[in-house]
Amino acid sequence: MAAITTAGSNFDVQGLVSQLMSLEQAPLQASKKRQSGYNDQLSSLGKLKSTLSDFQSSMRTLLSGTGLNVTKADSSDTSTAIATTDFTASAGTYTLNVTSLAAAQTLALSSYSGGSNSIASGTTALGGTAGNLTFSFGSGTTSTVAIGANATLQDISSAINAAGLDVMASVVNSGTEGYKLALTSKNSGSAGAFSVSGGAASGLSFLDYDRTSNTAANLAKRTAAPTDAQLTINGVVMTASSNKLTGAMTGLDVTLYKTGTATLTVGRDNTAVMKNVQGFVDSYNKIKSQVDDMYKQSGSSVTDASGKVIGTASRVDGSVRMLMQSLASELNTGISGVNISSGNAFLSQVGISIQKDGTLALNSDTFKTALDKDYGSVSKLFSNNNSDGFADRLNSKITTMLGMDGMMQVRTTSLNQQISYEKQKQIQIQASLDDKQKMLISQYSRLDAALTTMKNQSSRLG
């Protein structure tokens, strides 16, 4: 508000206008309060959307059936072999007898021959012409690497590594035999074995190696031979080019560490299963808790006839109230076609019960007992061919709620419209207040001038 200079009377124009305008602010403040409330509801709806999405995520493994069919494999000797499982693994026992491990082929290539012509440095130019080195692998693949003229061992190593082959290269100092190019297959076993050719054509014959040749000169370049893992599984003989066995046993990935015997026992992983089910329960309860918090946020004071606050009244918008009621109703509806006296039709029958406050609680012992007794029946409680399992229906309902035409989006759109309306209303109210302020300043300034004139006239008459 602009400062006002009076004409000399004791009339406080500034104070009077300020008091009058403060009373006129009520509609503006009321609009801002409504906007703030809408913003709070919008923020709460955003959090609730995220919580609903989290609840859907907690049901994914229950919908697919993998959440209850979690297995684990215990090894009698983890220093020999361990295994991981997936949902296709079946309970059982597998005895492994490992007689040899898979190993990768390694070479050490240099021009050393009888103590002469050793390479003194990894960066010494070798004098060869430009050409290609060709790598042929036991798996049947072939790759080439371009080598420049006068390349050094380090140049050749860098070129091989840059080519992205299934071979790792490095330059090592062997001491008395000088510097050598060390090549190691990235893959163990016969499939990872490799030959190198093309060196002789570039004047660097020491680089050539034939994995099929048993001559002394050729074998001298090999520092480790490629070997396959050899083992039996429940008496069945098998070989593998890697120490990581995939597909040898349905649903199991086995890693071999040393020769020896180990027994793998596959069974249900109750800890993992209960974690999945508890996640379902906790996610539902989080929705309930968040909706309860929204009830509190929107509560309004209740007073008696004398004006004393005696409590609060919930003023929750209908969409949130309906959402919680809709989800809760599904928990009280059993799956179709099941006789509750002989089968599982409700979650409460397997230890997931509704509490007085509307939350869920899980009795782990009851649930484990139900799983052991009839896994199929428990699994169908969550998801089945009729799509009326609890996870089926809850997931479908939340998908609808979060959809473009769902109640969450409809309510969000409505709140945004109300916020926009209040913002426009505030602009209009503020413009009206500014006009009124100008009018009051003008009126009372004229009054102040008139009073000053009257005062001066009175002084002269006296």
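Predicted model: local features only at pLDDT ≥ 70, side-chain atom pairs only at ≥ 80, totals over all residues.
Residues are numbered from 1 along each chain as its sequence is written, and side-chain values use heavy atoms, with hydrogens and water left out.

The protein chain holds 10 helices and 19 strands, where helices (H or I, at least four residues) and strands (E, at least two) are DSSP runs numbered from the N terminus. Of its 462 residues, 36% are buried, meaning under 20% relative accessible area with a 1.4 Å probe, counting protein chains only. Taking a contact as heavy atoms within 4.5 Å, residues 24 or more positions apart supply 68% of the contacts with a separation of 6 or more.

Turning to strand S4, residues 106-109, this strand runs antiparallel to S8, residues 179-185, with 4 bridges joining them, and two strands count as paired if DSSP finds at least two bridges between them. Leu-109 has Leu-181 as its bridge partner in S8. S4 also pairs with S10, residues 222-224, in the antiparallel sense over 2 bridges, and there Thr-106 stands opposite Ala-224.

Leaving aside neighbours within four places in sequence, Thr-152 is in contact with Gly-122, Thr-123, Thr-124, Ala-125 and Leu-126.

Technical notes. Buried < 20%, exposed > 50% of the residue type's maximum accessible area, 1.4 Å probe, protein only.
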